[in-house]
Amino acid sequence: DPAHRLPSAWPMTGAIAITDQERTDLLEAERLIAADDVEGAMPAFRRYAVARGLRIYETVLERFPDIAMYAPSASIDPDLYDVAPEANLWEQLGLGDEPEPDDLTPDEARILPADDRFASVLALADRANLGPQVRAIIAAGIELGVQPRPRSSSVMLAPRANRTRMLFTIWPQAGNGGRLSIYRWAPAIAEFFPEIEESAARDALGPDGYGILEREDIPSFVANLRKLLEDSSQGDGAGSPSLSGDDIRRIVYDWLRTTDPDRKGIHYYEIAHSAERQGRVSGVDRMATVLKVLRRNSQTFDQTGPGTYTWIPSSPADSPSVRPPRYWALRTDPNRRAELWGEIQAGRLRQGWGWDPDMDLQVIAERISGAQPLSDWQRQAWANRRMLTTQPDGVRIGDVVLVPHMPEHRHFSLVRVVGAYEFDGGQVFGDYGHILPIALQTGPEGISYADARLPARLQTSLGNRIRLWSVDGFGEELERLVGSSNE
């Protein structure tokens, strides 16, 4: 709220809320942050946070003195707040000697986080009769100092130094009585565990890329994982040259031309690894960085399936046969016409039932291909499946889409698809996260439903109430309209 004219001191609300010194330190931190001096602000903010935390602790301790028996020391030195001393509270809590890990029952395995983030994938593992096996892998990873990163249907094990890097990922699958899909990447193990050679990692855990762990293979996999990592120290994985976006595009294009001559498509995990062999990929999530390069260069890379991409030939002589353009009509929300029209003008054709990451059509397609159940929201979102440019019967780059009642009632606009399907989680409007990158082919006023150039059957078709339907039968007329609008 601009009326607050921040930064400004917090109001006085009583003696226990915030002290004068805490208010002064916090105001100083806010002023420096507002001036883009974050590093300069941190000492003031640190003084505020430490003083307030200790004051609250001491207030509680004064009222409940017996809690001091659980503290790691009798007093707390504010200068040591960032290095908390370790303390074993098992005996202090009256529980006797701490048992060795091997003595714990599965229900007592404290190393497995009781965290809602794991709920979805563990429920999936339980349905596949793989609950104990998946928990054993997660627990072993935690014991060995690597970080489990749960998703709705998978768990990625990452190094401590960089939680966005994948050592391996597992997906519980219900087929064949229960099995694990796995993606392994030995170069990452060698990068973050300098004492381990890539060949040793492959010998222990299996070859790089996708594979399957049958139920009977999982105990030996866990044992090999422990043997591989338990006596090895982790490094920081740094030292490679940093790659620019153009570097990634060039490296990946050359690699795909060599590796995928038939243009069947390769998963972007493997594509990202091809770039990482040449240097360091920047960004919080390196896989996402490479994926963005693939998506932004739609004239260079083609999406062939959920998460898979290939190269686009630079000359027509190298191109395989491509289907001719198709013609579609896509109905949008009339209640948000003004905002959605602005998006069309900016090159984004949006559709609703897309406000949650799990409603991404690529995520849903992967779940369907893995015979995994869909939520109610995902089933509703899947009605947009033909927006996914990898669907055999879906929209493709080069197709023309008629958008009814746009930019106004009883007018339509024509757009041409120029890029692969994208999903942004509805961040702009709280919905409408399904996106086709497009180029507007008609003028700012659109074309009236009463336009004499329209066949009567097309005018009738515009009354269709479904989200997306084919108007291939009017392709010639629509191309003429596009041509006349561009004259």
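Where is Ser-8 found, relative to α1 (20-34)?

## Ser-8 and the basis of the model

Ser-8 is found in the segment before α1 (20-34), where helices (H or I, at least four residues) and strands (E, at least two) are DSSP runs numbered from the N terminus. This is a predicted model, in which local features need pLDDT of at least 70 and side-chain atom pairs count only at pLDDT 80 or more, while totals for chains, interfaces and linings use all residues. Residues are numbered from 1 along each chain as its sequence is written, and side-chain values use heavy atoms, with hydrogens and water left out.

Ser-8 is partly exposed, with a relative accessible area of 28%; buried means under 20% relative accessible area, exposed means over 50%, and partly exposed is in between, for a 1.4 Å probe and protein chains only. Ser-8 and Glu-28 are 20 residues apart along the chain, and their C-alpha atoms are separated by 9.4 Å. When residues up to four places away in sequence are not counted, Ser-8 touches Leu-27 and Glu-30, contact meaning heavy atoms within 4.5 Å.

## The chain as a whole

The protein chain contains 15 helices and 18 strands, and of its 487 residues 42% count as buried. Among the contacts with a separation of 6 or more, 59% are between residues 24 or more positions apart.

## Aromatic pairs

A search of the whole structure finds 10 aromatic pairs. Rings of Phe, Tyr and Trp (its six-membered ring) pair if their centres lie within 6.5 Å, and planes under 30 degrees apart count as stacked, over 60 as edge-to-face and the rest as tilted. One of the pairs is formed by Phe-168 and Phe-221, which are edge-to-face at 5.3 Å centre to centre, with 90° between the planes. This pair links distant parts of the chain, since Phe-168 is in strand β3 (residues 168-173) and Phe-221 in helix α7 (residues 218-229), 53 residues apart. Both Phe-168 and Phe-221 are buried.

The rings of Tyr-268 and Tyr-269 have centres 5.3 Å apart and planes at 90°, so this pair is edge-to-face. Ring pairs also link Tyr-183, Tyr-268 and Tyr-269 into a cluster. Tyr-268 and Tyr-269 are buried residues of α9, and helix α9 (residues 268-276) has eight of its nine residues buried, so it is largely enclosed by the rest of the structure.

Two packed helices are described by the angle between their axes and the distance between the axes. Axes are lines fitted to C-alpha atoms, for helices over the stretch in contact, and angles run from 0 to 180 degrees between N-to-C directions. The axes of helix α6 (residues 198-205) and α7 come within 8 Å and cross at roughly 155°. That makes α6 roughly antiparallel to α7, because angles under 35 degrees count as roughly parallel, over 145 as roughly antiparallel, 65 to 115 as roughly perpendicular and the rest as oblique. In this contact Ala-200, Ala-201, Ala-204 and Leu-205 of α6 meet Phe-221, Asn-224, Leu-225 and Leu-228 of α7. These residues divide into seven nonpolar, one polar and no charged, where Ala, Val, Leu, Ile, Met, Phe, Trp, Tyr, Cys and Pro count as nonpolar, Asp, Glu, Lys and Arg as charged, and the others, Gly among them, as polar.

Helix α3 (residues 119-127) and helix α4 (residues 131-143) pack at an angle of about 140°, with their axes 7 Å apart, and that makes α3 oblique to α4. Leu-122, Ala-125 and Asp-126 in α3 meet Gly-131, Val-134, Arg-135 and Ile-138 in α4, and by class this contact has four nonpolar, one polar and two charged residues.

## Leu-130 in a loop

Leu-130 lies in the loop between α3 and α4 and is buried, with a relative accessible area of 0%. Although Leu-130 and Gly-178 are 48 residues apart in sequence, they are 6.3 Å apart in space, C-alpha to C-alpha. Not counting residues up to four places away in sequence, the residues that Leu-130 touches include Ala-125, Pro-172, Gly-178 and Ile-218.

## Backbone details

Most residues other than glycine have a negative phi, and most peptide bonds are trans. A cis peptide bond, with omega about 15°, joins Met-406 and Pro-407. Arg-410, found in the loop between β13 and β14, has a positive phi of about 60° although it is not a glycine, and Arg-410 is partly exposed, with a relative accessible area of 46%.
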